[in-house]
Amino acid sequence: MKEILYRNLRLKLIAITLAVSIGPLILLGMAIYYQFGNLYKDRIEDQIRTLARSQSNAVDVFLRERTTILAMIVETQPFETLSKQDNLARLFTQINQRADDLGLVDIGVIDKHGYQLAYSGPYNLKGLNYYQQPWFDEVLRRGKFISNVFMGFRQVPHVIIAVKGITGNDPWILRATIDSEVFNRMVRNAQVGTTGDAFIVNREGVFQTTPRFDGVILGNSGIQTQRFGEDSTVIAKRDETGDTRYIGGVWLKNREWMLVISQIAGQEHGWMSNARNTEIMIIAIGCLVIVIAIVMISNTLVRHLEQTDREINELNSQLMQQDKLAALGKMAAGIAHEINNPLAVIGEKAGWMEDLLDEEEFQNSENYKEFFSSITKIQEHVDRARKITHNMLGFARRMEPHLDDVDVNRVLDQTIDILSNHARINDIEILKHFTDHLPVIANDQSQLQQIFMNLINNAIDAIGNNGTIDISTQLEKDHITVSVHDNGPGIPEAIQKKIFDPFFTTKMNGKGTGLGLSISYTIIEKLGGHITLESHEGEGTTFVVHLPLVLPEKK
Ligand SMILES: Nc1ncnc2c1ncn2[C@@H]1O[C@H](COP(=O)(O)OP(=O)(O)OP(=O)(O)O)[C@@H](O)[C@H]1O
Ligand SMILES: [Mg+2]
């Protein structure tokens, strides 16, 4: 019952202290963790955005430059000149000589019917008709056009830049090809670290450059470009390996292409995830230390409480015992006094009757024997009643001890002397194991003798016939102990608590009054000592009297 109480108390203590100490710590940890996450995300997004913006600017400038060069040619060179193969070839050579990194693969002049009238470049494309090409119409309609990457006649991924010119009423087109490898090179700069990627897709998500990882040029990237806003946007995505990949996109070329930069979280910002892991570890260790400390403290606390409870209980039962005995003391004095007088009268009258029996007339009476045995019985029982009242009166009187100089070994010797005959008759051996030269203490000699007498008498009664009583004395730090051990039947645990109660006896036929131990108990307490008991059924009993080591004052 009590066990459960203490266990519940311990659990409650642990739970409450844990809740108030670890709760805030975990909250703090979560807040920091969350802040870290945000900071981390912001940094990555910033980096991707900056990278994407600068790269997209480069691509845009590149395309605009080429378009402007073509537009300048259209405006400054007449159609008749340019449509001549030789003139065009010369112009193309000149342009490439001036600026060899323009990236133009070839150049061609196309008339309003789609025929390529002049062509300069590595392929033989002169005379081809572009009328059916989707871009042909676009150029005529919008004046300028930059295509998506496509294979075209050459079966090489390329981009076409075309500019419309007008001669009289007839439109014509100057068209140049850019090898898409140029774009590949441009975006490669933005492929950061070991997991960063950069590529261009068109509005439909088709690769315009070769991505670093999965995918080929003109293949589908799976990127939904409509999810990206007007300006640069960053989207976080979890990939198959569980890593978070941040994808940033910036529109190019009048929102027809998008430069995409992607990066796995943690790659470029290792220090940040390290700091976050350290933070988690510190908090986890903190929690563990707190848990261990709380469990240990709670255990110690509850154990202390248990111990104190036990001590209080013991004290309580001692107080109860003393109360009982004190009440008995008062009552005993009254009763004993009241009974003593009638007893004295009965005893006296019985004695007188016994004397009368000596006279001749009674001696000759046929009832003489019966008279005699009756009177003897009356006297016997009066004696017994006197013994009880004597004990009770003694009990009441002995409340205040009288201090003498006491040699405990000597008091024991005297007591054993008195009882040795009684023991010998019953074949009981009394063995002494005294510690020599015990200090003389201030105590009540006759009361001590009464205690020892009670204990030894009890031992003799318990053994009955044939056994041993061991009596030993010992000097301890602040007291002297006297132990009386017998190898009698022992005291059953159930009655061990009761034996110090007044009138508790197991002795039959009125042989015991049940006052011996309760009187001894009271006396010892009054003398500032205490008595303890250890007994196991079938093994024997040991009573230990602890006497305070109070040295007599020098006279
Ligand atoms: N050494 C012992 N071994 C076994 N039982 C004991 C021993 N000492 C005491 N007891 C038990 O304790 C009871 C109470 O003892 P207590 O001395 O108070 O009274 P009592 O011996 O019965 O009577 P009285 O002392 O008046 O002769 C005894 O009746 C006995 O049952
Ligand atoms: Mg007794």
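An oxygen atom of ligand 1 lies 2.8 Å from an N or O atom in the side chain of N458, a polar contact in the sense of a pair of N or O atoms within 3.5 Å. In this predicted model, local features need pLDDT of at least 70 and side-chain atom pairs count only at pLDDT 80 or more, while totals for chains, interfaces and linings use all residues. Residues are numbered from 1 along each chain as its sequence is written, chains are lettered from A and ligands numbered from 1 in the order in which they are written, and side-chain values use heavy atoms, with hydrogens and water left out.

For K507, the distance from an N or O atom of its side chain to an oxygen atom of ligand 1 is 2.5 Å, and a polar backbone atom of L517 is 2.8 Å from an oxygen atom of the ligand. Of the 590 Å² of accessible area that ligand 1 has on its own, the protein covers 90%, by the Shrake-Rupley method with a 1.4 Å probe.

How many residues surround ligand 1? There are 18, the closest being T505, T506, K507, T513 and L517, where near means a heavy atom within 4 Å. Which element gives the most to this shell? That is α10, with 3 residues, whereas α10 (445-463), α12 (516-526) and β16 (540-548) each supply at least two; helices (H or I, at least four residues) and strands (E, at least two) are DSSP runs, numbered from the N terminus.

Methods: Polar contact = N/O pair within 3.5 Å; in protein donor to acceptor, adjacent residues only side chain to side chain.
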